[in-house]
Amino acid sequence: MSNISVDITNVILQTERLILRSWKENDAKDLFEYARVEDVGTMAGLITHENIDASKAILKKFIAEKHTFAVEKDGKVIGSIGIEKYDEMHFPDLTDRKGTALRFMLSKAYWGQGIMPEAVWKVIEWLFDVKHVDFVMCDYFAWNARSAAVQSKLGFHYFSTVLHKTQSEKQETTIQNIMTAEDYRLQRQIRFITKIDAEKNILRQTHLTNHGRCENDAEHAWHMAIMCYLLQEYANENIDLAKTMMMCLIHDIVEIEAGDTYAYDEEGKKTQQAREALAAEHLYAILPSDQMRELKGLFEEFEANKTAEAKFAHAMDNFQPLLLNHANGGSDWRQHDVSRTIVETRQSKTAEGSKKLYEEVERILDAHVQNGQLKP
């Protein structure tokens with residue numbers, strides 16, 4: 001076990017901004033452009049390239065050894081990520097496990113833009129998910145605060161301190177970090193947790209009570225989950241409460257990428273399903289595979305609206321904004337020139353989840369029509 005062997009010749013990894021691929025002979029100019037800058041090589045313990053011939057020699061090595069990715073942005077190579085062999089003699093406790101080490105360089109022109117964390121994370125995903133390593137190591141010189149920050153952001157943690165001899169024969173105190181498979185799982189979960197914070201930025205058409213601002217998706221989901229607990233006794237069928245509450249909490253996460261579709265926006269509804277399905281594929285894939293399947297499955301169950309849990313969650317999804325609108329005297333209905341017939345069509349799913357709550361919907365609509373706050 002211990003060090004793995006890799007061949008990235010036919011491997012292409014993509015992020016939102018980058019392409020990671022094997023090196024090509026015509027990359028020499030790009031390599032020289034960033035490797036001739038002294039700070040770039042020094043950070044990694046490498047000799048600065050004095051001319052393009054030096055870059056061509058390194059490029060030839062990259063191509064032959066087949067374990068270093070070129071980092072490409074907008075058609076230009078701006079850095080590299082090498083999958084290297086760690087020194088097994090320094091770490092005998094790891095010899096019964098499968099692992100590797102990473103080294104990376106980035107053009108100084110692109111420092112401070114989050115490029116390297118984005119690129120290295122993609123390689124980490126490939127190593128754990130495709131190559132099934134048990135751990136990945138990464139090191140930095142004790143004085144290199146930039147590399148330390150990148151590795152910390154990625155979720156690496158301290159493993160040991162060793163001496164490393166650079167290409168210029170200088171001994172450097174080196175901090176050796178590690179990420180285990182367990183660490184990787186936790187980092188994926190943290191990335192998802194951080195990502196869904198963006199749900200708080202998705203504004204809905206419904207206003208908070210007392211004619212407040214528009215509510216956001218996260219507030220809507222939280223309100224639905226509380227309602228689910230409080231109103232469960234009115235469900236048409238027995239429900240798994242925890243499952244239904246979780247359905248309520250996650251059902252609009254897709255709107256982080258797909259955007260909110262107003263309940264009475266008929267044109268937007270035509271593309272809603274496709275937009276949200278695509279967003280679900282992308283967003284839930286951030287999670288470890290088992291949790292991805294579980295949460296994506298819950299979302300799809302909610303969308304299908306066949307189970308008792310999905311029907312009651314839909315009832316909460318419809319009843320919650322109606323209650324806010326009711327508290328505000330029907331102002332959102334008037335603003336969008338909505339009639340009772342249109343509202344009732346939307347609220348039909350409430351009856352599928354709870355006949356009792358639908359009776360309350362009808363009572364509320366009767367009152368608003370009588371008061372002239374809702375068109376018949």
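Visitor: Leaving aside its neighbours within four places in sequence, which residues is Ile 124 in contact with?
Guide: Ile 124 is in contact with Leu 102, Leu 154, Phe 156, Met 179 and Tyr 184, where contact means heavy atoms within 4.5 Å. Please note that this is a predicted model, in which local features need pLDDT of at least 70, side-chain atom pairs count only at pLDDT 80 or more, and totals for chains, interfaces and linings use all residues. Residues are numbered from 1 along each chain as its sequence is written, and side-chain values use heavy atoms, with hydrogens and water left out.

Visitor: Which residues touch the most other members of the largest nonpolar core?
Guide: Phe 69, Ile 81, Leu 102 and Ile 124 do, in a core of 46 residues. A nonpolar core is a set of buried Ala, Val, Leu, Ile, Met, Phe, Trp, Tyr and Cys residues joined through side-chain atoms within 4.5 Å. Buried means under 20% relative accessible area, exposed means over 50%, and partly exposed lies in between (1.4 Å probe, protein chains only).

Visitor: And which elements give two or more residues to this core?
Guide: They are α1 (28-35), α3 (52-65), β4 (68-73), β5 (76-84), β6 (98-106), α4 (115-129), β7 (135-141) and α5 (145-154). Helix α4 supplies the largest share, 10 residues. Helices (H or I, at least four residues) and strands (E, at least two) are DSSP runs, numbered from the N terminus.

Visitor: Which residues does the second core include?
Guide: This separate core of 41 residues includes Phe 299, Ala 315, Val 338 and Leu 374.

Visitor: On to rings, then: how many aromatic pairs does the structure hold?
Guide: There are 8 aromatic pairs. Rings of Phe, Tyr and Trp (its six-membered ring) pair if their centres lie within 6.5 Å; planes under 30 degrees apart count as stacked, over 60 as edge-to-face and the rest as tilted. One of the pairs joins Tyr 284 and Phe 299, tilted at 40° between the planes and 6.4 Å centre to centre. This pair links distant parts of the chain, with Tyr 284 in helix α10 (residues 266-284) and Phe 299 in helix α11 (residues 289-304), 15 residues apart.

Visitor: Are those two, Tyr 284 and Phe 299, buried or exposed?
Guide: Both Tyr 284 and Phe 299 are buried.

Visitor: What lies over the face of Trp 121?
Guide: Arg 191 does, at 3.8 Å from the ring centre. A charge sits over a ring if NZ of Lys or CZ of Arg is within 6 Å of the ring centre and within 35 degrees of the ring normal. Ring pairs also link Trp 121 with Phe 128 and Tyr 184 in a cluster.

Visitor: Why does Ser 147 count as buried?
Guide: Ser 147 counts as buried because its relative accessibility is 14%.

Visitor: How many disulfides are found?
Guide: The search of the whole structure finds 0 disulfides, a disulfide being a pair of cysteine sulfur atoms within 2.5 Å. For Cys 228, the nearest cysteine sulfur, that of Cys 248, is 4.7 Å away. Cys 228 is buried at 0% relative accessibility.
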